[in-house]
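Trainee: I would like to learn how to read the features of a protein model. Could you take me through one?

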Amino acid sequence: MIKKSMELLLKESADEGENSLKRSLGPVNLILIGIGIIIGAGLFSLTGIAAGQHSGPAVTISFLIAALGCTFAALCYAEFSAMIPVAGSAYTYSYATMGELFAWIIGWDLVLEYSVGAATVAISWSQYLTKFLSWFDLYLPPQLTLSPFETAKAANGDVVNGIINLPAALIVILVTSIIIRGTKGSALVNAIIVSLKVGVVLVFIAVGWGFINPQNYHPYIPQNTGVWGDYGWSGILRGAGLVFFVFIGFDAVSTAAQEAKNPQRNMPIGIIGSLVICTILFVVFAHVMTGMANYKEFIGSGAPVAIAIEKTHYQWLSKAIVLAILIGYTSVILVDLLGQSRVFFSMSKDGLLPKVFSDIHPKFRTPWKSNIVLCGFIAFFAAFVPIRVVGEMTSIGTLLAFVMVCAGVLILRNQQPDVHRPFKTPLVPLVPILGILTCFAMMTFLPGDTWLRLLIWLAIGLVIYFTYGKKNSVIRKALAKAKS
């Protein structure tokens with residue numbers, strides 16, 4: 001099994017040449033990158049769905065359980081990112097522990113998390129933009145906000161076919177242009193965006209706290225209806241499986257390891273810090289929302305926050321929340337695009353993908369050609385593919401990456417126990433095993449057709465690996481040369 005040695009990985013980490021990424025990110029930048037992708041619109045929708053249909057006011061416990069599951073994976077990511085501070089995230093870690101084939105599989109799988117995820121978010125961003133503009137009597141033609149496979153009713157009742165989701169494509173292009181100009185600039189934009197959307201969450205908490213009705217917390221754990229997952233403790237667990245997906249994305253911090261100023265110290269801070277901050281915000285947010293309105297009012301609602309706001313005298317908060325969703329989605333797209341280009345950068349440096357994905361801009365020191373190629377691919381999906389097709393593939397790709405990283409910690413601790421680890425995952429092997437079990441359990445809750453799409457996607461990736469990647473692998477060529 002061909003593996004990438006620790007010595008080679010550390011050499012890549014120390015490379016400061018013209019064809020290397022610029023180290024410009026401190027711990028605050030890394031924490032904000034994590035918060036930028038974790039706090040998306042899911043907080044404003046999934047919280048109400050979980051409370052109304054599964055957990056009741058105990059959705060706060062669901063958040064804590066989901067956060068615990070994420071913590072297992074985050075601790076494993078923190079060990080790897082400090083020990084192997086190279087771009088590529090789970091792909092790089094798998095190359096060092098499980099070998100080239102597994103690394104390719106996980107690298108190809110990460111496209112589902114980052115690229116397909118970015119397309120999904122861009123499509124939803126377009127939908128929220130249309131709604132936001134309508135409040136100001138600005139209406140975009142439905143032909144330019146829907147894919148060719150979607151229809152909408154016009155004001156006169158006619159059914160209109162979509163042509164292209166133009167806003168979705170444009171936001172991908174805009175964010176790509178920011179990323180190309182440099183990671184530090186991207187981090188600054190992300191910091192501003194994160195500050196704004198966290199501000200809206202804090203305003204909701206501060207305003208809503210005064211309108212909490214203690215009666216809404218009784219019973220805190222509603223009695224189970226006799227159906228597994230409908231309230232009671234089984235409902236809390238089902239709710240945890242639902243809100244778990246609000247957390248996914250903190251691993252994107254690890255893709256920026258080669259751009260961190262002091263990765264051995266700052267990467268664990270960025271990964272774990274962003275997760276801790278978001279967990280606190282999510283639990284308090286859920287507590288306030290379920291205190292403002294009875295959990296049963298959230299059943300079947302796609303906008304639970306609006307229901308809670310109706311209990312106050314501040315109806316302007318509805319517009320602020322939609323604006324926060326738009327802002328939040330923008331930062332998620334930014335971090336997704338940043339993460340995907342860094343994974344492909346590493347795969348290209350290893351010869352598994354064409355050189356275009358690792359060409360560095362002479363001035364900005366970013367993989368600009370990769371950004372442009374990925375921009376075209378993602379913008380195409382966002383413009384012409386319905387959201388229902390791309391949406392379900394993101395979660396299963398993320399969870400598979402989590403499983404591989406947790407397994408990687410177990411393997412490397414066994415194979416190379418003496419390697420210097422600036423940060424050590426505590427309670428090994430317990431924590432990695434719990435991470436594997438938790439994430440795999442979450443995968444089992446996903447629909448069967450999502451698993452089928454995953455298998456088809458991985459099959460396509462294997463064809464590319466055996467026809468191109470394996471033949472052009474830098475390590476394979478070096479080993480063949482050494483033998484000859």
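Mentor: Let's begin with burial: a residue is buried under 20% relative accessible area, exposed over 50%, and partly exposed in between. F380 has a relative accessible area of 47%, so F380 is partly exposed. Please keep in mind that this is a predicted model.

Trainee: How do I describe a pair of aromatic rings?

Mentor: A pair of aromatic rings is described by the distance of the centres and the angle of the planes. Searching the whole structure gives 19 aromatic pairs. One of them joins F211 and Y314, edge-to-face, at 6.2 Å centre to centre with 85° between the planes. This pair links distant parts of the chain, 103 residues apart: F211 is in the loop between α8 (183–209) and α9, and Y314 is in the loop between α11 (304–309) and α12 (316–349). F211 is partly exposed at 24% relative accessible area, and Y314 is partly exposed at 34%.

Trainee: What is the geometry of the pair F380 and F381?

Mentor: Planes over 60 degrees apart count as edge-to-face. The planes of F380 and F381 stand at 75°, with ring centres 6.4 Å apart, so this pair is edge-to-face. F381 is partly exposed, with 23% relative accessibility.

Trainee: Now helices. Is helix α5 enclosed or open?

Mentor: Count its buried residues. Eight of the eight residues of α5 (residues 90–97) are buried, so this helix is largely enclosed by the rest of the structure. Among them are Y91, Y93 and Y95. After α5 comes G99, which has a positive phi, near 105°.

Trainee: How many salt bridges are there?

Mentor: A salt bridge needs a side-chain nitrogen of Lys or Arg within 4 Å of a carboxyl oxygen of Asp or Glu. The count comes to six. In one of them, the side chains of E79 and R413 meet at 2.8 Å, N to O. E79 lies in helix α4 (residues 59–83) and R413 in helix α14 (residues 387–415), so the bridge ties together parts that are 334 residues apart in sequence.

Trainee: Are E79 and R413 buried or partly exposed?

Mentor: E79 counts as buried, at 0% relative accessibility, whereas R413 counts as partly exposed, at 22%.

Trainee: Let's finish on the surface. Which residues form a nonpolar patch there?

Mentor: I65, W228, W233 and L237 form it, and together they have about 440 Å² of accessible area. W233 belongs to helix α9 (residues 232–247). The cut-off for exposed is over 50%; at a relative accessible area of 53%, W233 is therefore exposed.

How values were computed: Residues are numbered from 1 along each chain as its sequence is written. This is a predicted model: local features need pLDDT of at least 70, side-chain atom pairs count only at pLDDT 80 or more; totals for chains, interfaces and linings use all residues. Side-chain values use heavy atoms; hydrogens and water are left out. Patches are made of residues with over 30% relative accessible area and no salt bridge: like charges are joined within 9 Å, nonpolar side chains (Val, Leu, Ile, Met, Phe, Trp, Tyr) within 5 Å. Accessible areas come from the Shrake-Rupley method with a 1.4 Å probe; for residues, only the protein chains shown count as cover. Helices (H or I, at least four residues) and strands (E, at least two) are DSSP runs, numbered from the N terminus. Buried means under 20% relative accessible area, exposed over 50%, partly exposed in between (1.4 Å probe, protein chains only). Rings of Phe, Tyr and Trp (its six-membered ring) pair if their centres lie within 6.5 Å; planes under 30 degrees apart count as stacked, over 60 as edge-to-face and the rest as tilted.
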